[in-house]
Amino acid sequence: MVDRFPGNPILTKKEVPYPVVTVHNAGVVKTKGRYYMIFRSHLHNGRSILGLAESADGFHFEVRDKPFMTPAKEGWFKDYEEYGIEDPRICEIEDEFYITYSAYSRFGVRVALAKTKDFKNVERLSLITQADQRNVVLFPEKYEGRFVRLDRPHTEINPWSIWISYSPDLIHWGDSKMIASPEKYHWDEMKIGPGATPIKTDKGWIHIYHGVFKTMDGAVYRLGVMLHDLKDPSKLLGIADEFILEPEDPWEVAGYVHNVVFTCGAVLEGKEELRLYWGGADKVICAGTADVNELVDLCLKRKRKPL
Ligand code: BMA
């Protein structure tokens, strides 16, 4: 389903002008013909920061001299970012770029929201979940006057599932509802989580998500696709039964954590092509393309049984 870019991996630690151990899990947007990528890197102490890279073609990226965001040193965010900031997603809403990222600390992992207009200055807005939450993905459009997000709470009774929540101001969230959960003895039976910012098509919102299967050799992270109704994003028109990408290339099979493909970003090229970005084995960044119509068909014609 996904054609890998022949020049993969598109970004590694060698292209980063400051010392890092990994370059992985990146949010990407395209605006005014340029691609902006915010990526996660581990430092040598094992904690994460966020870097910024730019590109004219979406495949060849140049990394800024300095990190884009490092854990907050003061204020309300300081205590909650002590162990690092991870897995950014970018969503353009009304000409501003909102970044959701995981904030790690002794209190657990929660999700923070920041915004930028120019990819130079960034403003932290709020911590928008409690612990234990990761993988918050915003929709680029409001629904019935409210912002919409996908989130991924985790409880023992209902492990690692995808929920939807609504907000009048991006800060206060509620009316949460569960919309998808892992399926037993299936490639995503252990965990699922929101992946890339949803992409709008005539047939619905394409949402690439990650699914995890536990093996005797540890967990395998793969990517799948679901289609949300344009009129009501809480309604799933279909979740494809099959995964669309699994670790295959050497840098996806081995790295910092082996057997991982993990996405935080996708971009629509014209009407037919989805450009997908993923972290390979938590060490490098890879890119590939998929046909929008094929992804939609997979969700509608080869779907798994509804919830
Ligand atoms: C998840 C997150 C991701 C990571 C993945 C595989 O729980 O930590 O950032 O890519 O595990 O290690």
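## Salt bridges

Glu273 and Arg275 join their side chains in a salt bridge, 3.4 Å from N to O. The term covers a side-chain nitrogen of Lys or Arg within 4 Å of a carboxyl oxygen of Asp or Glu. Glu273 is partly exposed at 29% relative accessibility. Arg275 is buried at 6%. Buried is under 20% relative accessible area, exposed is over 50%, and partly exposed lies in between (1.4 Å probe, protein chains only).

The whole structure holds 25 salt bridges. One of them pairs Arg40 with Asp87 at 2.9 Å, N to O. Arg40 sits in strand β3 (34-42) and Asp87 in strand β6 (84-93), so this pair ties together parts 47 residues apart in sequence. Strands are DSSP runs of E, at least two residues; helices are runs of H or I, at least four; both are numbered from the N terminus. Arg40 is buried at 8%, and Asp87 is buried at 2%. Arg4, Glu248, Asp249 and Glu252 form a salt-bridge network.

## Model basis

The model is predicted: local features need pLDDT of at least 70, side-chain atom pairs need 80 or more, and totals for chains, interfaces and linings use all residues. Numbering starts from 1 along each chain as its sequence is written, and side-chain values use heavy atoms, without hydrogens or water.

## Nonpolar cores

The largest nonpolar core has 24 residues; Ile206, Ile208, Val225, Ile244 and Leu274 touch the most other members. Such a core is a set of buried Ala, Val, Leu, Ile, Met, Phe, Trp, Tyr and Cys residues joined through side-chain atoms within 4.5 Å. Helix α2 (292-301) is among the contributing elements. α2 gives the most, five residues. Another core, of 21 residues, lies apart and includes Phe5 and Tyr35.
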